[in-house]
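Open the model in your viewer and keep the selection panel at hand.

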Amino acid sequence: MFKKIFAILITLMFAQNGFANTLDKINSPQDLKKLSNKQMESLAQDIREGILNRVNKVGGHLGPDLGIVEATIAMHYVFNSPQDKFVFDVSHQTYPHKMLTGRKEAFTDPINHPEISGYSNPKESKHDHFILGHTSTSISLATGMAKARDIKGDKYNIIALIGDGSLSGGEAYEGLNNAAVLNSNFIIIVNDNEMSIAENQGGLYKNLRELRATKGQAQNNIFKALGYDYYYVEEGNNINELIKAFQKVKDTNKPTVVHIHTLKGKGYKPAEENKEMYHWQLAGFMDKKKTENKETYNSITTDYILKNKSIIAINPATPGSFNFTPDFRSKLGDRYVDVGIAEQHSVAYASGIATNGEKPILCVASSFIQRAYDQLSQDLALNNSPATILVYRAGITDTDMTHLGIFDIPLISNIPNIVYLSPTNKEEYLAMLDWSVNQTKYPVAIRVPTGDLVSTGIKDKTDYSILNKFKVIEKGDKVAIIAAGNFFSLGKDVKEELKKQGINATLINPCYLTGVDEKLLNELKQNHKLVITLEDGCLDGGFGEKISRFYSNSDIKVINFGAKKEFTDRIPLKELYQRYHLTKELITQDIMNNL
């Protein structure tokens, strides 16, 4: 019903304005070049309706894409993609580009076109040049393309599009510094919508404010200071003004910045008024369904932080992922720090706070903590700084290949000194938080459980300072199930399945991902033939391999269950669990085959 009403409203709106559906005429950027100014304005409306249609049906980035529509039209009108190369940062703003490069059906009827992702992907189109999903990378990638072009003696434009929020990432500064000395064609379009996911944080944004306030004339200009030619477009959602600016810089022979001032969420009033909330939306957001206000691991974390006045909460520009609402941030005051999109800095920053006697909690997603490996190793672990890192959204998921949460266990658990904990329920999680915040011996990471909150109702009194001591939940024989974190409930299910086969398995919650309980594992040798491990992550370099290595010179056989080392792209979770033998039936079958 909603789909029909939505389609009728769109048709009526276009009819009232006297516009045909201009998007129907666009099958490639060459078609765009034939349009009049009035037709391009009509096209911008069509594109916005396509964005709203797709995001409402399948979810995705909303505000950034709505804000970049006119700039994308102007880019394709002036430049000649794919001969001229567009490199998008993070891919939060690629929807208009996709609609203009032969992929509009994924927006007019996205349910029928799941092969089109929400991110840049050269497998989809010759107009895309990289698989992108992480931030602050476009300038570096485009600089490399420009260097290769120059070495080969080719002539074409290379354009890196980067948002003001992405400029806070360290790689963006490195790219700006290196690209400035190319001495050849290189164009950076800075999309300044005055926002990251939430509000911008950092000294850079003072200069951007000065540039906006003076229409680009401020004497203080970070881009000019680095050696770039600089152009400012105040009306960054005005197609004519953008075309004029891009025509000026097309075929330039020097590094150039075009700074455009846009409106995030333009054309959809709720997204214009609440830019943070509408940065990204789940499917069905226009249906305005009420969500149940229930306790989650996010909510108990924010409650814990608010109650503990000694904590400094840190996050690298993704507050919504952790339920760090504007109200929560306001209540914390100067004990809340958004460091910008800068995971490397966030880890070293937390180490510095901890070393100087305060209690930092850094909250970061699994797919983003990998951006800070060296800082985890050198700045944190080598110095044994007692900071707490909460790793969110970790585990096997049906998400796209740029946001997988399966690599954090191999990454973190193999760095010396770090203690990586994996709670199985609310009470364990809170007890681990208490221990981590109050101890001063180790850097501690906690893998925040995913899915619905599990509560035992019984306070956890475990002494987590006794490192690597596993919990034996139920004693048995013959088979031992060591089930970590998110997969503890799967371990319980496997134990019940084995009972049907006459086997009373031992069930173990390891709690720690960074070490093994040697005493317990030796005791299992007495009356067990097989040990299985369950972990919600990549097996290669993971927790289970530690158990396999321990038993490698014994008669105990070990089977590790988890994810394969691979990049998966929007594969249904049920299909992945079948592929990896992560159902109670398949695990039980594997156990019986090996006994």
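Start at the lining of the second largest pocket: its residues divide into 12 nonpolar, 11 polar and 4 charged. Here Ala, Val, Leu, Ile, Met, Phe, Trp, Tyr, Cys and Pro count as nonpolar, Asp, Glu, Lys and Arg as charged, and the others, Gly among them, as polar. A pocket is an open set of points on a 1 Å grid over the protein atoms alone, where a 1.4 Å probe fits, with protein on both sides within 12 Å along at least five of seven lines; lining residues have an atom within 4 Å of a point.

Before going on, note that this is a predicted model, where local features need pLDDT of at least 70 and side-chain atom pairs count only at pLDDT 80 or more, while totals for chains, interfaces and linings use all residues. Residues are numbered from 1 along each chain as its sequence is written, and side-chain values use heavy atoms, with hydrogens and water left out.

**The pocket.** The second largest pocket holds about 480 Å³ of space, a volume filled by probe spheres set on grid points joined across faces, edges and corners. Select T424, V454, G485, N486 and S489: of the 27 lining residues, these are the closest to the centre. Then select helix 21 (residues 488–500), which gives the most to the lining, with 4 residues. Helices (H or I, at least four residues) and strands (E, at least two) are DSSP runs, numbered from the N terminus.

**Charged pairs.** The structure holds 29 salt bridges, each a side-chain nitrogen of Lys or Arg within 4 Å of a carboxyl oxygen of Asp or Glu.

Select E70 and R48. Their closest N and O atoms are 2.8 Å apart. E70 lies in helix 5 (residues 69–78) and R48 in helix 3 (residues 37–58), so the pair ties together parts 22 residues apart in sequence. Buried or exposed? E70 is buried, at 5% relative accessible area. R48 is buried too, at 9%. The cut-offs are under 20% for buried, over 50% for exposed, and in between for partly exposed (1.4 Å probe, protein chains only).

Next, select K519 and E523, a salt bridge with 2.8 Å between the closest N and O atoms. Both sit in helix 22 (residues 518–524), 4 residues apart, about one helical turn. K519 is exposed at 60%; E523 is partly exposed at 35%.

Finish with K98, R103, E124 and D128, which are linked in a network of salt bridges.
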